[in-house]
Amino acid sequence: RSSAASDVYKRQVFVLLDLHAGMFFGTKVAFKSVIAANIAAIIAWQAAQSGDRIGGVIGSDSITTLPAKSREKSVLQLLNAIIQHDKTGKHDVPYTPPLSRILASGLRIIKPGSLVFVISDFMGENNPCWKSLSKLREHNDVVAFGVYDQLEANAPSPNCYAYTDGESVVTLNTQQRSTREQYSALFDERFQEIASMCARYRIPFSPVFTDDNILDIVQCGIL
């Protein structure tokens, strides 16, 4: 078999990376966006070592699409695209979930039989997102990594806190136990919804917190 023909028969691996404004948050180790980028890098290098073709879609307020290519150069292309996307992305605009657009772009370039990794926090996603994931899953293997920070899951210690986005200020009083319990319950409810939807479409779902051992979780999720 010629090298060109062998190239065609290599499996295609795609990384769909969500870098919406909410991913640029983190209280332990690093921002969620940094953890997500590290997950993408681990997946890409492991795919290259297996001889797979690598492509990706990176999205925030804009979308960067990378058709699958072979050799380690494709990994460097993906990593460079992530870095450049981070530099050019507008993270001070009102939050609009881009995952649906990322998935729509992926559906246009991902060929049946591919292995697809979706990296996001899946927060704020709606029916169009899950419909696209379902369609993607019909002809491909899909693995999902949900990236979160402990402060999203658990309220800070009892006190009164002020938060700002640079324009408006909101306060959070966690001195009451009921407030802290409600805070955690809201995250748990959304988290369970994400996990349930992934299970419904037979998509393995691995949560990753910013203070977790990323390499161990990603390797378990890939295997």
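**Aromatic contacts, cores and cysteines in a predicted model**

Good morning. I begin with one aromatic cluster, which is formed by Phe 122, Trp 130, Tyr 148, Phe 187, Phe 191, Phe 205 and Phe 209. Please keep in mind that the structure before you is a predicted model.

A pair of aromatic rings is described by the distance of the centres and the angle of the planes. The count of aromatic pairs in this model comes to 10. In one of them, the ring centres of Phe 117 and Phe 145 are 6.4 Å apart and the planes stand at 20 degrees, so this pair is stacked. Phe 117 belongs to strand 4 and Phe 145 to strand 5, so the pair ties together parts that are 28 residues apart in sequence. Phe 117 counts as buried, at 2% relative accessibility, and Phe 145 also counts as buried, at 0%.

Now to Phe 191 and Phe 205, from the cluster. Their ring centres are 5.7 Å apart with the planes at 55 degrees, so the pair is tilted. This pair links distant parts of the chain, with Phe 191 in helix 7, residues 177–200, and Phe 205 in strand 8, residues 205–209; the two are 14 residues apart. Both Phe 191 and Phe 205 are buried.

I turn next to the nonpolar cores. The largest has 32 residues, and those with the most contacts inside it are Leu 17, Ile 39, Ile 43, Leu 78, Ile 119 and Phe 145. Several elements supply at least two residues each, among them strand 1 (12–18), helix 3 (73–88), strand 4 (115–120), strand 5 (141–148) and helix 8 (214–222). Which element gives the largest share of this core? That is helix 2, with 10 residues. A second, separate core has 29 residues, including Leu 99, Ile 110, Met 123 and Tyr 201.

Apart from neighbours within four places in sequence, Leu 17 is in contact with Ala 36, Ala 37, Val 57, Ile 58, Gly 59, Ile 82, Ile 102 and Ile 119.

Helix 8 can be considered by its faces. An α-helix has 3.6 residues a turn, so residues three or four places apart point the same way. The buried residues of helix 8 are Ile 214, Val 218 and Gly 221. Viewed down the helix axis, these buried residues fall within an arc of 60 degrees, so they line one face of helix 8. Their cover includes helix 2, strand 5 and strand 8.

Next, a hairpin. Strand 6, residues 160–164, and strand 7, residues 169–173, run antiparallel and are joined by 5 bridges. Cys 160 has Asn 173 as its bridge partner in strand 7. Between the two strands of the hairpin lie 4 residues, and Gly 166 in the turn has a positive phi of about 100 degrees.

Finally, the cysteines. How many disulfides does the structure hold? The number is 0. For Cys 129, the nearest cysteine sulfur is that of Cys 198, 8.7 Å away, whereas a disulfide requires the two sulfur atoms to be within 2.5 Å. For Cys 220, the nearest cysteine sulfur is again that of Cys 198, at 17 Å. Is each of these two cysteines buried or exposed? Cys 129 is buried, with a relative accessible area of 0%, while Cys 220 is exposed, at 60%.

Thank you for your attention.

Key:
Residues are numbered from 1 along each chain as its sequence is written. This is a predicted model: local features need pLDDT of at least 70, side-chain atom pairs count only at pLDDT 80 or more; totals for chains, interfaces and linings use all residues. Side-chain values use heavy atoms; hydrogens and water are left out. Buried means under 20% relative accessible area, exposed over 50%, partly exposed in between (1.4 Å probe, protein chains only). Two strands pair if DSSP finds at least two bridges between them. A nonpolar core is a set of buried Ala, Val, Leu, Ile, Met, Phe, Trp, Tyr and Cys residues joined through side-chain atoms within 4.5 Å. Contact means heavy atoms within 4.5 Å. Rings of Phe, Tyr and Trp (its six-membered ring) pair if their centres lie within 6.5 Å; planes under 30 degrees apart count as stacked, over 60 as edge-to-face and the rest as tilted. The arc is that of the directions from the helix axis to the C-beta atoms.
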